[in-house]
Amino acid sequence: MIISLGSTLPGGMPGNSYHALKGDPMAASASQPIFPPIPPPFTMPFFYGSLTSFWVFYKVDPVAATPYLEGTGLQLATFGDSALASLDLQFYTATYGMQSNFAKPQPIPGMSVTTEIEFNIWAYPETHQAQYPAGISVDDFIMGQDQTKTIGGYRIWVPCDNKYAIKAGKGAFGENKFYTLMDFTTPCGNNPDQTTWSYKCYSPKEGEKFIYSLEADVTGTPAVIANPSAITLYGDLDGRLVGSHWNLFGQYDTYFLKKAAQKKVTLTYGDGKHKMKGDMEKVIGTAAPYAVQIYQSRDSAAESRGFYANYPSQP
């Protein structure tokens, strides 16, 4: 969950994030507030103008995933003998209700466009062991049946192409976020002939060398409508575990992949040197994709083609 506002916008409202404290998670005092401060100039909640989110879930070896949670206050969520990791491509817009082209020290944009990816391992706070839904199946979890909302995505890496979103993600949610570029081609109303989802995440400051690319074709696989919202997400904010809830206002199309469909989802590691690639190789490796989940917000308007207004008269 990311914010990407202009640098001179006002802030100051209490947020919807919370600290999962060691000991009593609900204890609050002047020295242990439940809500971390919102870094100015950002405000909460942050509203998305439009959003496309494309998840690929992998069942992975708990032995490979566990070391990434050491010292975080999180325990690995397990589903049978597997843990769960995911890659989530997001691209979204936001409007801010104000724009000033000649503001000082820099202009205030009226809107922003952001592309980012979350590489997550799914886990729950040590302090919430009593609420942890042990025994829930991975299918039920992906479909949103964990109504305790204790299991959440711990962000191992978050590549992003918007520097304001990076500042907000780090300052408000403790995201392990870095600047880089991404290419993508996806189905949408303005790309009607596209049926596959494909994208590439470049390695920072290495030109066209990339961390990984992913291509998925879910045509022929039946979609199941799901409602995982609110999605719980975790980060490390100044050495403390911080969580937040991400509410997507609509239905998700969920594709559980059989063996033939798994072959139509391809993860390729690149030639870039960024540490994210090595961590993906350790955690995901060559695991088969387990499920794909897609959320696309509805278009708000459409303009159709022009017509000759003096028809049938000749020019």
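**Entry 1: Arg155.** I looked up Arg155 and found it in strand E6, residues 152-160. I note that the model is a predicted one. Buried or exposed, I asked of Arg155? Its relative accessible area is 3%, under the 20% cut-off, so Arg155 counts as buried. I then listed its polar partners. The side chain of Arg155 makes a polar contact of 3.3 Å with the side chain of Glu118. I also found the Arg155 side chain at 3.3 Å from the backbone oxygen of Tyr234.

**Entry 2: nonpolar cores.** I looked up the largest nonpolar core, which has 43 residues. The members touching the most others are Phe54, Leu87, Phe119, Tyr212, Leu214 and Val292. Strand E4, residues 83-95, supplies the largest share of this core, with 5 residues.

**Entry 3: Leu87.** I set aside neighbours within four places in sequence and read off the contacts of Leu87. Among them are Phe54, Trp55, Val56, Tyr58, Phe119, Tyr199, Tyr212 and Leu214.

**Entry 4: cavities.** How many cavities of 30 Å³ or more are there? I count 2. The largest cavity holds about 150 Å³ of space. It is lined by 14 residues, and those closest to its centre are Trp122, Phe141, Ile142, Pro228 and Ile231. Strand E2 (50-60), helix H2 (138-143) and strand E12 (231-237) each give two or more residues to this lining. I sorted the lining residues of the largest cavity into 9 nonpolar, 3 polar and 2 charged.

Definitions and conventions:
Residues are numbered from 1 along each chain as its sequence is written. This is a predicted model: local features need pLDDT of at least 70, side-chain atom pairs count only at pLDDT 80 or more; totals for chains, interfaces and linings use all residues. Side-chain values use heavy atoms; hydrogens and water are left out. A nonpolar core is a set of buried Ala, Val, Leu, Ile, Met, Phe, Trp, Tyr and Cys residues joined through side-chain atoms within 4.5 Å. Buried means under 20% relative accessible area, exposed over 50%, partly exposed in between (1.4 Å probe, protein chains only). Helices (H or I, at least four residues) and strands (E, at least two) are DSSP runs, numbered from the N terminus. Contact means heavy atoms within 4.5 Å. A polar contact is a pair of N or O atoms within 3.5 Å; within protein, one must be able to donate a hydrogen and the other to accept it, and residues adjacent in sequence count only if both atoms are side-chain atoms. On a 1 Å grid over the protein atoms alone, a cavity is a set of points where a 1.4 Å probe fits but cannot get out, and a pocket is an open set with protein on both sides within 12 Å along at least five of seven lines; lining residues have an atom within 4 Å of a point. Grid points are joined across faces, edges and corners, and a volume is the space filled by probe spheres set on the points. Ala, Val, Leu, Ile, Met, Phe, Trp, Tyr, Cys and Pro count as nonpolar, Asp, Glu, Lys and Arg as charged, and the others, Gly among them, as polar.
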